[in-house]
Amino acid sequence: MADHSGPPSPGSGEAFDRARALERSGDLAGALAAYEAALAAQPNDPDILAALATLAGRMEMHEVAAALWAQVSLAQPGRLEALDGRARALRDLGRFDEAIGLLRETLLANPQEPRLWNSLGVTLTQDGQAELALTFLGEAVRLDPGLATAPYNRGNAHFDLGQLDAAAADYAAAAEASHDTAEGAVIAFAQATLALARGDLATGWDGYQVRLSPLWPKAVTFDAPGRPWTPGDDLAGRHLLVLAEQGLGDELMFANLLPDVVHALGPDGQLSLAVEPRLVELFRRSFPAAQVGAHATDSHDGRRRRAAPNLASPRPVDLWAPMGALPQGFRRAITDFPTAPGYLKPDPARIAHWKAWLGEGPPAVGITWRSGKLGGDRQRQYPPLELWAPIASTPGLRVVNLQYGDCAGELAELAALAGRPILQPPGLDLREDLEGLAALTVALDLTISVSNATAALAGACGAPLLLIGGPANWARLGTNAYPWYPQARMLTAQRFGDWAKPMADAAAEVAKLARPG
């Protein structure tokens with residue numbers, strides 16, 4: 001949900017008008033070029049600069065957005081939209097102290113502006129300071145009870161603090177105040193995930209489907225044959241196409257449903273799967289009777305569109321479903337989750353390869369401490385690197401790196417803190433070779449991970465998993481465990497930023513592993 005001022009005031013010129021039209025249609029690259037052409041014709045025009053800055057934020061070009069908003073402020077020093085926009089860009093870059101300082105300074109001169117109080121509250125929440133954020137978000141609500149984004153964001157802060165009743169009240173207030181359909185869809189999605197966090201799965205999964213509504217700002221559309229599946233459809237003997245729709249970790253998590261789907265289709269049914277290209281072989285091995293191909297994503301009418309062009313079957317598709325829709329029919333209660341771990345099957349030869357590499361020796365533990373993206377509110381989800389040192393330095397233990405992406409500096413830092421090297425699996429691209437990574441997690445004695453794609457892969461493959469998470473995670477579904485991966489053990493921080501206890505508990509767990517008995 002937007003938490004900033006409205007769209008920039010219109011500029012002039014054909015190029016500007018064309019840019020606005022292209023942006024509305026979803027052609028962001030075309031809009032960028034058109035805005036740049038407009039700016040070339042009218043250098044330093046604050047309205048064009050503001051439009052460019054807004055677009056840069058949408059395209060996740062946050063450094064560019066921050067610089068552009070700074071230019072707008074130079075041209076129009078009192079323009080609150082520019083100050084708020086720059087603070088938002090700094091927040092998206094994870095430069096929270098700068099964003100907070102800018103917003104506090106701006107508020108001193110504009111104490112009656114509710115959107116600034118709201119922005120400061122959002123920034124504090126994303127910086128892991130949800131309790132402090134409540135004060136600022138409360139002031140935004142007081143100043144403008146009709147500003148739906150303020151109670152919505154206060155609900156998010158309450159959710160971070162585990163205060164679910166207060167979050168529910170705030171989301172309800174936001175829904176009542178909102179008169180914007182897209183905003184209403186965002187609020188409805190928050191209410192759905194709140195229901196899931198409380199363990200009300202039936203209500204939660206029903207509401208979760210709002211993410212497929214054209215009102216949802218980030219809704220994915222689908223190019224699929226047949227008609228959409230509904231929970232009331234009898235699948236026996238049908239041909240069902242399931243399209244993974246979200247990020248890699250979500251694809252792996254929601255694949256928990258696929259054994260149930262295979263059972264519902266029966267011996268005369270047919271399952272087709274469209275998944276992330278890196279997962280195709282793993283899914284083919286795990287569901288040998290299914291047709292599995294890579295999905296493809298493009299843009300249509302300003303929306304991301306997902307299709308299954310790599311599937312060819314002589315049998316027509318009867319029904320199709322986004323993978324994230326399946327829980328609405330198959331996971332209405334927590335008792336619907338399987339208790340046996342491991343629904344994905346890594347390559348046995350590659351498991352043997354990694355076991356041979358590990359050989360005989362002390363227990364081997366894999367660690368991964370963050371996701372591939374660290375901007376904005378993601379940072380608060382992960383313990384700082386220094387808290388991993390007691391795990392990495394545990395005597396009688398071998399520690400293996402499972403962190404994907406550019407992490408050479410972090411590895412060197414962690415090795416220095418631990419006083420010994422972290423083992424690097426030779427020849428394995430931890431981001432691209434998911435087959436190899438899946439096999440390695442199964443070969444290890446334990447994987448310790450934050451909530452990222454590696455954790456989802458290890459969990460889906462039934463590997464021993466210690467999962468470290470923050471207090472606000474709807475995917476726990478109202479439990480103290482992680483129902484998607486029944487073998488996983490969960491260590492949860494009581495507050496974002498308060499990682500000392502779960503990390504100490506993780507260190508104690510590996511110490512027991514290193515010294516059994």
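Reader: Let us take buried to mean under 20% relative accessible area. On that basis, how many of the residues of helix 9 are buried?

Author: Ten of its twelve residues are buried, so by that cut-off helix 9 is mostly covered. Please bear in mind that this is a predicted model.

Reader: Which residues of helix 9 are those?

Author: The buried set runs through Thr149, Ala150, Pro151, Tyr152 and Asn153, and it continues with Gly155, Ala157, His158, Phe159 and Asp160.

Reader: And what covers the buried residues of helix 9?

Author: Their cover includes helix 7 (114-126), helix 8 (130-143), helix 10 (164-177) and helix 11.

Reader: How far apart are the end C-alpha atoms of helix 9?

Author: They are 17 Å apart. At 1.5 Å a residue, the twelve residues of this helix (149-160) should span 16 Å, so the two values agree.

Reader: Which residues other than glycine have a positive phi?

Author: Asn44 and Leu477 are among them. Most residues other than glycine have a negative phi. Asn44 has a positive phi of about 65°, and Leu477 has one near 55°.

Reader: Where are Asn44 and Leu477 found?

Author: Asn44 is in the loop between helix 2 (28-41) and helix 3 (46-58). Leu477 lies in the loop between strand 12 (465-469) and strand 13 (489-492).

Reader: Is Leu477 buried or exposed? And Asn44, buried or exposed?

Author: Leu477 is buried, with a relative accessible area of 2%. Asn44 has a relative accessible area of 53%, which means that it is exposed.

Reader: Turning to the sheet, what is the strand order?

Author: The five strands of this open sheet follow the order 2-8-3-4-5, with parallel pairing. Strand 2 (227-228) and strand 5 (291-294) stand at the edges with a single partner strand each, so one side of each has no neighbour in the sheet.

Reader: How many bridges does strand 3 form with strand 4 and with strand 8?

Author: Strand 3 pairs with strand 4 (270-275) over five bridges and with strand 8 (319-322) over four. Both pairings are in the parallel sense.

Reader: What stands opposite Leu243 in each of those strands?

Author: In strand 4, Ala274 is opposite Leu243; in strand 8, Pro322 takes that place. For Leu241, the bridge partner in strand 8 is Trp320.

Reader: Why is strand 3 largely enclosed?

Author: Strand 3 (residues 239-243) is largely enclosed by the rest of the structure because five of its five residues are buried. In a regular strand the side chains alternate between the two faces of the sheet. Here, His239, Leu241 and Leu243 are buried on one side, and Leu240 and Val242 are buried on the other.

Reader: What about the largest nonpolar core: which residues touch the most other members?

Author: Phe283, Trp474 and Trp484 do, within a core of 118 residues. Helix 11 (residues 181-197) supplies the largest share of this core, eight residues. Apart from it lies another core, of 25 residues, including Leu32, Tyr35, Ile48 and Ala53.

Reader: What is Phe283 in contact with, leaving aside neighbours within four places in sequence?

Author: Phe283 contacts Glu251, Leu252, Ala255 and Leu258, together with Leu273, Val275, Val292 and Leu344.

Reader: Is Glu435 buried or exposed?

Author: Glu435 is buried, at a relative accessible area of 12%, and is part of helix 20 (residues 434-443). Not counting residues up to four places away in sequence, Glu435 touches Glu281, Leu282, Arg285, Asp347 and Arg350.

Reader: Finally, the protein as a whole: how many helices and strands are there, and what is the radius of gyration?

Author: The protein has 22 helices and 13 strands. Its radius of gyration is 24 Å, which agrees with the value near 24 Å for a compact globule of 517 residues. Buried residues make up 53% of the 517. The protein exposes about 21,400 Å², of which carbon and sulfur atoms supply 54%.

Technical notes: Residues are numbered from 1 along each chain as its sequence is written. This is a predicted model: local features need pLDDT of at least 70, side-chain atom pairs count only at pLDDT 80 or more; totals for chains, interfaces and linings use all residues. Side-chain values use heavy atoms; hydrogens and water are left out. Buried means under 20% relative accessible area, exposed over 50%, partly exposed in between (1.4 Å probe, protein chains only). Helices (H or I, at least four residues) and strands (E, at least two) are DSSP runs, numbered from the N terminus. Two strands pair if DSSP finds at least two bridges between them. A nonpolar core is a set of buried Ala, Val, Leu, Ile, Met, Phe, Trp, Tyr and Cys residues joined through side-chain atoms within 4.5 Å. Contact means heavy atoms within 4.5 Å. The expected span of a helix is 1.5 Å times one less than its number of residues. The radius of gyration is taken over C-alpha atoms; the globule rule is 2.2 Å times the number of residues to the power 0.38. Accessible areas come from the Shrake-Rupley method with a 1.4 Å probe; for residues, only the protein chains shown count as cover.
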